[in-house]
Amino acid sequence: MEDAAIIELFFARDESAIAETDRKYGPYLAGVAFGILRSREDAEEVVSDTYHGAWRAIPPTRPNVLRHFLARIARNLCFKRLEHDTAAKRAHIQTSLDELEECVPDGDSEPERLWEARELAGLLDRFLDGLGELDCALFVARYFYCQTLGEIGERYGLSRRSAKYRLEKLRKKLRKQLEAEGVVL
Amino acid sequence: MRSEKLNNAVGMIDDRHLERTERVRPRARRLKWLRWGGPVAAVLAAVILLTSVWGGRTAMSVYAISEASYPEMAKYPEGEDLGNAYELWREGLKRQRAFRGAGEGLDAFFLATAPEFLDGPADGNRVYSPLNVYMALAMLAEITDGNSRAQVLELLGASDLEALRRQANAVWNANYRDDGAVTSLLGNSLWLSKDLKYRQETLETLSQSYYASSYQGEMGSEAYNERYREWIDAQTGGLLSDQLKGKALDAETVFAMVSTVCFRAKWASAFSEVYTRPELFHAAGGDVEAAFMHRTETYGDYFWGERFSATKLDFREGAGTMWFLLPDEGVSPEELLRDGETLSFLSGSDWQNHKTLRVNLSVPKFDVRSQLDLKAKLAGLGVTDVFSRETADFTPLFDGSLPAELSAVRHGARVTVDEEGVTAVAYTEMMVAGAAMPPKDEVDFTLDRPFLFVITGADELPLFMGVVNRP
């Protein structure tokens with residue numbers, strides 16, 4: 001079923017919207033959730049909650065790209081779930097967060113203002129616009145989908161070491177850009 | 001932690017970056033996999049065998065003239081590389097989607113044949129695979145000419161051979177799944193006598209358009225029979241081996257054509273074995289005890305007509321759907337198959353009498369199988385010339401001066417249904433639990449008397465239809 005038709009089902013409060021969404025995007029969302037949580041059971045629960053979230057959000061929201069709209073819900077739910085998890089269960093995602101920490105400027109000076117996540121997203125958009133296709137994909141795979149270096153290497157035909165090196169360079173580049181913009185978090 | 005704010009921002013990046021990421025082509029490489037370890041929810045297989053007799057034999061070994069190569073399909077993701085593997089698997093499925101709608105116009109054939117082929121005594125189970133017979137008849141049209149071909153084309157509703165060939169190829173592809181999670185495979189083969197001087201171009205057409213393998217060997221020899229049985233076993237997962245015992249090709253056979261269907265899929269949401277218990281099934285010959293599976297579909301589909309009610313269950317990963325049609329009290333499944341309203345429902349027409357409600361489903365576990373002789377039934381449907389050596393025309397396959405006739409058309413099928421599909425259970429049930437308010441209405445749908453079932457594949461074409469008179 002086309003996305004537009006599925007969205008119409010949501011707007012019509014037709015419960016088959018859930019089944020159609022699951023039919024079309026269930027495996028994709030399970031992949032997104034598993035990538036972050038690394039637990040099949042937890043991922044399945046998040047996928048289920050994602051449909052619930054979509055049901056509440058549509059209407060009024062009319063997603064531009066349903067697939068990505070759902071992925072964002074799933075991603076948010078995954079991180080919310082991880083907030084309550086033990087350090088051991090967070091280990092995988094902690095690596096990704098530690099890497100992002102490297103990008104954050106020191107902020108020694110007194111901040112003029114704090115940046116909100118939405119503003120930061122705009123800055124990230126500009127940063128990604130300046131990257132080539134592969135680098136953009138590597139960044140998104142690592143920090144949006146939280147894939148491991150091994151998975152990224154497998155997908156994009158790079159060795160693990162090569163993927164790691166390219167991501168290090170990207171983080172340095174991002175840090176410079178954040179500093180140039182005067183970002184303080 | 002400051003990184004968490006940045007992480008939240010990453011979650012808000014614009015769709016265009018996600019799209020760019022998806023456009024970067026993954027490098028093709030072999031993935032590590034685990035196949036499904038557990039049993040399957042539905043195991044279905046069918047074989048149709050057409051043999052043509054003539055004569056003559058001498059000793060020789062078996063060899064393959066051409067062996068079909070099936071399209072490569074990315075495997076269903078398992079293990080640690082789930083994220084990437086899902087994407088590769090999804091891309092593989094896109095190929096199948098391109099063939100959706102291939103069976104447009106086949107309803108008339110399915111609806112004309114089902115009542116004929118599934119008719120029989122009230123104490124027997126019968127299974128028929130419409131797609132299997134369609135594929136076999138399409139191949140028969142390829143190897144015949146003149147009136148022999150025209151009669152087959154007419155039954156299939158095809159305007160000409162070229163149109164039929166295109167459609168059969170699309171139907172084959174639309175129903176092909178072999179990704180480890182779902183198996184849906186239409187196998188075709190031709191078994192030629194060693195003395196037959198065949199036309200190579202016809203075998204090539206069968207290979208390219210129907211994914212058919214062709215073999216040649218000494219009819220009646222143990223080596224040929226063994227190869228023949230091995231091929232069927234491989235195509236049907238060994239499920240029909242007991243039905244095929246003693247069905248060896250005899251020495252008089254000029255050629256045999258075999259088409260198979262093998263379909264394995266798990267329920268989207270499994271039945272729990274905990275709730276399976278023995279209950280009475282009211283068969284025509286008296287009550288029999290059967291193991292009934294139970295499940296509540298919170299958002300079940302309930303359909304009804306003047307003489308039946310129906311519900312459906314989906315298989316995982318878009319593999320298809322199983323439909324259960326329960327005739328009203330006093331109506332037999334065979335009567336239902338000749339009922340215009342029921343046929344209209346089966347043809348997939350837009351059905352108004354449908355409600356989404358809580359369905360308390362009770363289904364007997366069953367393992368039904370049947371062997372149908374379709375020769376007389378096909379003759380009754382207008383396919384007659386191929387059955388007489390005076391009128392049969394096999395010139396596309398071999399020299400027309402050799403008299404031959406189609407001597408047998410046998411159709412064996414088996415459908416096994418049970419609770420399995422454990423991996424799927426939590427997935428759908430959890431999804432449903434949080435989705436919306438439960439419907440107010442509910443219905444008990446208990447298949448405790450003879451009923452009909454239809455299994456439609458990914459393309460919504462009927463892979464199997466059956467009458468369960470005694471589970």
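Biologist: Why is C146(A) called buried?

Modeller: A residue is buried if 20 or more other C-beta atoms lie within 10 Å of its own, exposed if 12 or fewer, and partly exposed in between, with C-beta atoms placed from the backbone. C146(A) has 25 C-beta neighbours inside 10 Å, and therefore counts as buried. This is a predicted model, in which local features need pLDDT of at least 70, side-chain atom pairs count only at pLDDT 80 or more, and totals for chains, interfaces and linings use all residues. Residues are numbered from 1 along each chain as its sequence is written, while chains are lettered from A and ligands numbered from 1 in the order in which they are written.

Biologist: What makes R13(A) exposed?

Modeller: R13(A) has 12 other C-beta atoms within 10 Å, so the residue is exposed. R13(A) is located in the loop between helix 1 and helix 2 of chain A, and its phi, near 55 degrees, is positive in a residue other than glycine.

Biologist: How is P105(A) classed: buried, exposed or partly exposed?

Modeller: P105(A) has 18 other C-beta atoms within 10 Å and is therefore partly exposed. This proline is found in the loop between helix 5 and helix 6 of chain A. P105(A) and E179(A) are 74 residues apart in sequence, but 5.8 Å apart in space, C-alpha to C-alpha.

Biologist: How do you know that the buried residues of helix 1 of chain A are on the same side?

Modeller: In helix 1 (residues 3-11) of chain A, the buried residues are I6(A), I7(A) and F10(A). They cover an arc of only 100 degrees around the axis, so they are on the same side of helix 1 of chain A; the arc is that of the directions from the helix axis to the C-beta atoms. The face turned away from the buried side carries the exposed residues A4(A) and A5(A). Helix 2, helix 3 and helix 4 of chain A are among the elements that cover the buried residues of helix 1.

Biologist: What makes a set of residues a nonpolar core, and which residues have the most contacts inside the largest one?

Modeller: A nonpolar core is a set of buried Ala, Val, Leu, Ile, Met, Phe, Trp, Tyr and Cys residues joined through C-beta atoms within 7 Å. The largest such core has 118 residues, and those with the most contacts inside it are M135(B), L137(B), A138(B), M139(B), L140(B) and W191(B). Helix 5 (residues 130-143) of chain B gives the largest share of this core, 11 residues.

Biologist: Why is this core said to lie between two domains of chain B?

Modeller: Both domain 1 (43-265 + 368-415) and domain 2 (273-366 + 419-468) of chain B give residues to this core, so it lies between them; the domain bounds come from an automatic or database domain assignment. A second, separate core of 56 residues includes A74(A), C103(A), I152(A) and L170(A).

Biologist: How many residues of chain A are in contact with chain B?

Modeller: Two residues are in contact if their C-beta atoms, placed from the backbone, lie within 7 Å. By that rule, 51 residues of chain A are in contact with 39 residues of chain B.

Biologist: What makes strand 8 and strand 9 of chain B a pair?

Modeller: Two strands pair if DSSP finds at least two bridges between them. Strand 8 (residues 277-283) and strand 9 (residues 286-304) of chain B are joined by 7 bridges and run antiparallel. F281(B) stands opposite V288(B) in strand 9, and a hairpin joins the two strands through 2 residues. Strand 9 of chain B is also joined by 10 bridges to strand 12 (residues 354-364) of chain B, again antiparallel.

Technical notes. Helices (H or I, at least four residues) and strands (E, at least two) are DSSP runs, numbered from the N terminus.
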